[in-house]
Amino acid sequence: MIVPVYNVAPYLQECLDSVLKQTYTKLEIILIDDGSTDASGKICDTYAQADKRVRVVHQKNAGLGPARNTGLNLCTGAYLAFVDSDDFLAPDMLELLYKNLLAQRADISICSFLLYNDVTGAITPSTREYEDCVFTTASAFLTHFFTMPPHAYVWAKLYRRILFAQYRFINIAFEDALMWVPVCRVAQRFVISSQSKYYYRQRTGSISDNFKFSPKIFDLPKVWARVKKDLEPYGPRLQELAAGNFYYHGYVCVLNNLCQTKSEKRCAAEVTGIRQGIRRDLQGILSNDNIKLRTKGACLAAVVGISFYKFVWRLFSKSRKQGT
């Protein structure tokens, strides 16, 4: 199990306790302290001293992708899993994933997850409903991937380690999404469980925090453009399916974040680039039945202008809050 760690001292103990208390006990736990400046590194060392299954690597801060790569270079087991160090696991998560993987002779075993609100402590279901299913080809799985769950995160999953023999994470934000298509070049069987066994912590200041601006948000268009290109060998059908993800995550989510954080004016050059990209592809966006209506409407609003986009975004946000 690979656990990248960076300045998560308030959450790290809960995460590591949930890993060590797994009902599946034959674990190799690699903690990568990625240059933490808080007490995270010391906490990692304490756990390594207390449990022989834990190994700690301290390195200069390099980012989430390179930290995961350090773990990939060191792990020796036949299977591997990734855990973000501010999240935590149900006690039987690995046991469920392992049993499903063996039963279906799968290369990747997946389960659903729950959202944990760090402020209120509320636990809510994932935004998508997972179903129990098995896929016997990468093409079938990727078709499901771009129309239904699972999400593109690499956690809440168990992999045969050999899948990563020739692949490593790229040092870019949202790097999870970039790994799936390459890994599917070597994976052929996939099993998904509807059971929710991973707890994803929603906290202020994280990379997914929509109420805080980070320049890393501009990596989204790059990531989804790369995903779309990686799908070329699978033919136009999968590229059309991926288009919905590309324009929503690569463009709409970025503009929404800028509106939410009131950053659209100071990021005028980036906004212009996004609008130009949408204008260039607008005909294809509107004619693609795989792209949701809300994404098409957002793209149309962006072409009109960022002020109009923000006006529409405010109306939509208000209606969602009121439940209309």
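A salt bridge here is a side-chain nitrogen of Lys or Arg within 4 Å of a carboxyl oxygen of Asp or Glu. You're looking at a predicted model: local features need pLDDT of at least 70, side-chain atom pairs count only at pLDDT 80 or more, and totals for chains, interfaces and linings use all residues. Numbering starts from 1 along each chain as its sequence is written, and side-chain values use heavy atoms, with hydrogens and water left out.

Select Arg68 and Asp176 to begin: their side chains form a salt bridge at 3.1 Å, N to O. Because Arg68 sits in helix H3 and Asp176 in helix H6, the pair ties together parts 108 residues apart in sequence. (Helices are DSSP runs of H or I, at least four residues; strands are runs of E, at least two; both are numbered from the N terminus.)

How buried is Arg68? Its relative accessibility is 0%, while Glu175 is buried at 3%; buried means under 20% relative accessible area, exposed over 50%, partly exposed in between (1.4 Å probe, protein chains only). Include Asp84 as well, and you have a salt-bridge network of Arg68, Asp84, Glu175 and Asp176.

Next stop: Lys197 and Asp92, another salt bridge at 3.1 Å, N to O. Lys197 is in strand E10 (residues 190–202), and Asp92 is in the loop between E5 and helix H4 (93–103). Lys197 is buried at 13%, whereas Asp92 is partly exposed at 26%.
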